[in-house]
Amino acid sequence: MFGKLLRKKTAADLPSYEERLAAAKERPMPVHIAIIMDGNGRWAKQRKLPRIAGHHEGMKTVRKTTLFASRLGVEVLTLYAFSTENWKRPKREIDFLMKLPGEFLSTYLPELVENNVKVEMIGSADLLPVHTKEAIERAMQETSSNDGMVLNFAMNYGSRFEISEAVKKIAVQLQQDELALSEITEETVSKAMMTCHLPDPDLLIRTSGEVRLSNFMLWQLAYAELAFTEVLWPDFDEHTMLTIIEDYQKRSRRFGSLEGNELT
Ligand code: IPE
Ligand code: IPE
Ligand code: MG
């Protein structure tokens, strides 16, 4: 009897990846996951490769993560692909990054369609090169009738820009008497955002060990659970994502209130 009690846990006692996955699926899944895909440059540097090689590898992670999230039953996956601040990078890197949506979508669009994924975008398309804009528009059109997971690319996206634009929209509505001052609420502000039709993210993941938001979804992340991993984006995989989701599922989201059993 004591022999059994004292026996050390071995690897064989631990649940397998498949068992963990099945268990996680039984628990509440984050409806909306937002990811700051960071660390492509450092991944390339570690391998003495040019930074763009890291971005190219990162594109494959986008595919894997999309399919995995869709399999898990996540409803919205927002991926931060290019920030309004990323224009500060060298032109050759920007040019490469702007070609990635075209390459990604021409390679993987059939698979996205097959998996009922709906492609959307937040950010301003105005400043994007025509070929980038066209690739994204085509993907949005070809997946517009899909009703599975929304794959939302944040492309030339900046949260402060988004908020300033929302303020302008509301100001115009006010000026034109379409809205009264008393009608400006958290809901009207949310409705003026580029994410107006989406729920707020439940979980934010940032890869590469940086612990900051870098101008990403500042309004929408007000009550998101935050997860930071040291893993660089090109190395991010289902195992890391499952571990993060398991951790998320252990957390108690109180939204300022108390646990259900503490409320009485
Ligand atoms: C993230 O990787 C991709 C974009 C910001 C476009 P980085 O290019 O920022 O990689 P690091 O942070 O330099 O390693
Ligand atoms: C944030 O990563 C933007 C994207 C992932 C698209 P950055 O690498 O640009 O962020 P900082 O400069 O480290 O804050
Ligand atoms: Mg970075």
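1. Basis. Residues are numbered from 1 along each chain as its sequence is written, chains are lettered from A and ligands numbered from 1 in the order in which they are written, and side-chain values use heavy atoms, with hydrogens and water left out. In this predicted model, local features need pLDDT of at least 70 and side-chain atom pairs count only at pLDDT 80 or more, while totals for chains, interfaces and linings use all residues.

2. Shell of ligand 1. The residues around ligand 1 (a heavy atom within 4 Å) are M37, D38, G39, N40, G41, R42, R51, H55, A81, N86, R89 and L97. By class, this shell holds 3 nonpolar, 5 polar and 4 charged residues (Ala, Val, Leu, Ile, Met, Phe, Trp, Tyr, Cys and Pro count as nonpolar, Asp, Glu, Lys and Arg as charged, and the others, Gly among them, as polar).

3. Polar contacts of ligand 1 (pairs of N or O atoms within 3.5 Å). A polar side-chain atom of R51 is 2.7 Å from an oxygen atom of ligand 1. Backbone atoms also take part: an N or O atom of G41 at 2.9 Å and a polar atom of G39 at 3.4 Å, each from an oxygen atom of the ligand. Ligand 1 alone exposes 370 Å², of which the protein buries 86% (Shrake-Rupley method, 1.4 Å probe).

4. Secondary structure at ligand 1. Helix 3 (40-46) and helix 4 (51-72) are the elements that give two or more residues to this shell (helices are DSSP runs of H or I, at least four residues; strands are runs of E, at least two). Helix 3 gives the most, with 3 residues.

5. Shell of ligand 2. Ligand 2 is surrounded by I36, M37, D38, Y80, A81, F82, S83, N86, R89, R206, R212 and S214. These divide into 5 nonpolar, 3 polar and 4 charged residues. Strand 2 (residues 76-83) contributes the most, with 4 residues.

6. Location. Which pocket holds ligand 1? Ligand 1 sits in the largest pocket, and the space taken by ligand 2 is likewise the largest pocket.

Technical notes: A polar contact is a pair of N or O atoms within 3.5 Å; within protein, one must be able to donate a hydrogen and the other to accept it, and residues adjacent in sequence count only if both atoms are side-chain atoms. On a 1 Å grid over the protein atoms alone, a cavity is a set of points where a 1.4 Å probe fits but cannot get out, and a pocket is an open set with protein on both sides within 12 Å along at least five of seven lines; lining residues have an atom within 4 Å of a point. A molecule sits in a cavity or pocket if more than half of its atoms lie within 2 Å of its grid points.
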